[in-house]
Amino acid sequence: MPVVKPVAQPAIAPSKPERKLVSMATRWAAVEPGKRAQIVVELEPIKGWHIYWLNPGDSGLPTSFEVTQNGEPTDHRVRMPTPKRSVSAGSIVSYGFEGSTLFFVEPTALQAEQDLELEAVWLACAETCVKGSKKVRMAAFSKSQSAPEASDLRAWNQLPGLRPTRWSQTSKGLVFEAPAGSTVTLYPHTELHRRLDGHALKYCMKNRCELPLKVLVDNTLDQKLWATLSVSAADRLENFETDILKGMNP
Amino acid sequence: MRFFVVSLSLCLAFSAQAAPPILAHCGGCGTGDTAAKSDHMHNKKASVGHTAPSFKLKDMNGKTHSLAQYKGKTVVLEWFNPECPFVVSAHGKGGVLEKMAQTVTSKDTVWLAINSGAKGRQGHSKSVNQSAAKKWKMNHPILVDADGQVGKAYGAKTTPHMFVIDAKGKLAFKGSPDNAPSGRKGSSYKAHLSDALGDLAAGKRVRKSSTSPWGCSVKYAR
């Protein structure tokens, strides 16, 4: 009977590789007919973890992107989906994303024939938070145009669009009303979030939002008061962005 | 429950919680063994320009501190969690809070860190706090608010969330130490806390008295 020799164990166990909390994939996709392709950045935190929207809420850090070409930053526009909202102990409001989430990055001043680098920076949180980032090199879009995947088109079509909205001013505040029977949810961007002291949720009920006039009384009125609105009804869901100041006089 | 499940019940629960907390008398103020006690607070949630909520808390060494004992001084409150990466970055080399407490503490100014993390949650343990205090050369006390009463009275959302109380006991500033949560100080850098303390020291009204906090959420009891 052969003797099986025990396998020698290393004196020191190999160190565990750093846990990957967020995976990232990038691709070009022509999601708008007749327009230049955009970079689709797919970020996916592992189960139980989340990353943040452009307004992280009361805590956290916005997910951000930087595009460089020849080492120089280039102008770009980022489109994010409508976030999910959570409220944790202490009435701490967070806006963010779980699971696979598609962001659309549109470089606006790109030299078509040159490669570029895209860096995404995020904060991934569960009970604890870990900062993360990844930089990738991509071929210029003219070399790598590709038909969009169905998931890209679906995500693109669900992005909040820009739309004039009518906010009326009453003695109590600024009022937005969606059609009866629908439900409106307000996701304030950073400046509006600050002026509402984080309590956006209490100002919307059913199809109506009424923001207190105090949001207009501030020494930094030069800042725009953006919000993303989500109006849902039995047969439809519409997400759109609005500047509530301009929206008062569309 | 998944982190981001937003249900109607949650919405309603939040709506109910959203009202500013009014803290009732605490029967055992100053007499119980509980580290954190509100000090007969009748104040509503902290609001700039109004009297800051009073409190009485024990520090990590068991010494009691009350806001009242510092009347006549400027008091800086820093909500603290030594394991939050934002706090680690802010107190680390080149961080916005690396030397600020030592710099501003004087006979007229007091700096108090407050840890509202609940037992069992990140950054709560005494040893972790003491270790961080030593590493970061913190000479000021870390007050224990494990039941979160003081944190909620001030509306502390993040670590580090900063509050400045003027010599008259009124809240003069609340917000973030600066506008660089990632630590990258660009051309539009604003040192909010430093500017507020500078205004107060010069006898001026604080020009930017409220800014959006950034950081980790305060780890209140669930």
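Author: Gladly! Let's start with burial: a residue is buried if 20 or more other C-beta atoms lie within 10 Å of its own, exposed if 12 or fewer, and partly exposed in between, with C-beta atoms placed from the backbone. We will also need helices (H or I, at least four residues) and strands (E, at least two), which are DSSP runs numbered from the N terminus. This is a predicted model, in which local features need pLDDT of at least 70, side-chain atom pairs count only at pLDDT 80 or more, and totals for chains, interfaces and linings use all residues. Residues are numbered from 1 along each chain as its sequence is written, while chains are lettered from A and ligands numbered from 1 in the order in which they are written.

Reader: Which residues of helix 6 of chain B are buried?

Author: Helix 6 spans residues 192–201 of chain B, and its buried residues are His192(B), Leu193(B), Ala196(B), Leu197(B) and Leu200(B). Seen down the axis of helix 6 of chain B, these buried residues fall within an arc of 130 degrees, so they line one face of the helix. The arc is that of the directions from the helix axis to the C-beta atoms. As a general idea, an α-helix has 3.6 residues a turn, so residues three or four places apart point the same way.

Reader: What covers the buried residues of helix 6 of chain B?

Author: For that we need contacts: two residues are in contact if their C-beta atoms, placed from the backbone, lie within 7 Å. The cover includes strand 4, helix 3 (100–104), strand 8 and strand 9 of chain B. Just after helix 6 of chain B, Gly203(B) takes a positive phi of about 75 degrees.

Reader: How should I read the pairing of strands 8 and 9 of chain B?

Author: Two strands pair if DSSP finds at least two bridges between them. Strand 8 (residues 162–165) and strand 9 of chain B are antiparallel, with 4 bridges, and Val164(B) stands opposite Phe173(B) of strand 9. The two strands form a hairpin with 5 residues between them, and Gly169(B) in the turn has a positive phi of about 85 degrees. In strand 9 (residues 171–175) of chain B, 5 of the 5 residues are buried.

Reader: Why is strand 5 of chain B called largely enclosed?

Author: In strand 5 (residues 109–115) of chain B, 6 of the 7 residues are buried, so the rest of the structure largely encloses this strand. Strand 4 (residues 74–79) of chain B runs parallel to strand 5, joined by 6 bridges, with Val76(B) opposite Trp111(B). Strand 6 (residues 142–144) of chain B is also parallel to strand 5, through 3 bridges, and here Ala113(B) faces Ile142(B).

Reader: Is Asn70(A) buried or exposed?

Author: Asn70(A) is exposed, with 10 other C-beta atoms within 10 Å. Asp197(A), another non-glycine with a positive phi of about 55 degrees, is buried, with 20 other C-beta atoms within 10 Å.

Reader: How many residues of each chain are in contact with the other?

Author: 26 residues of chain A are in contact with 29 residues of chain B. Strand 7 of chain A gives the most to the side of chain A that touches chain B, with 5 residues. The predictor gives the complex an ipTM of 0.76 and a pTM of 0.81.
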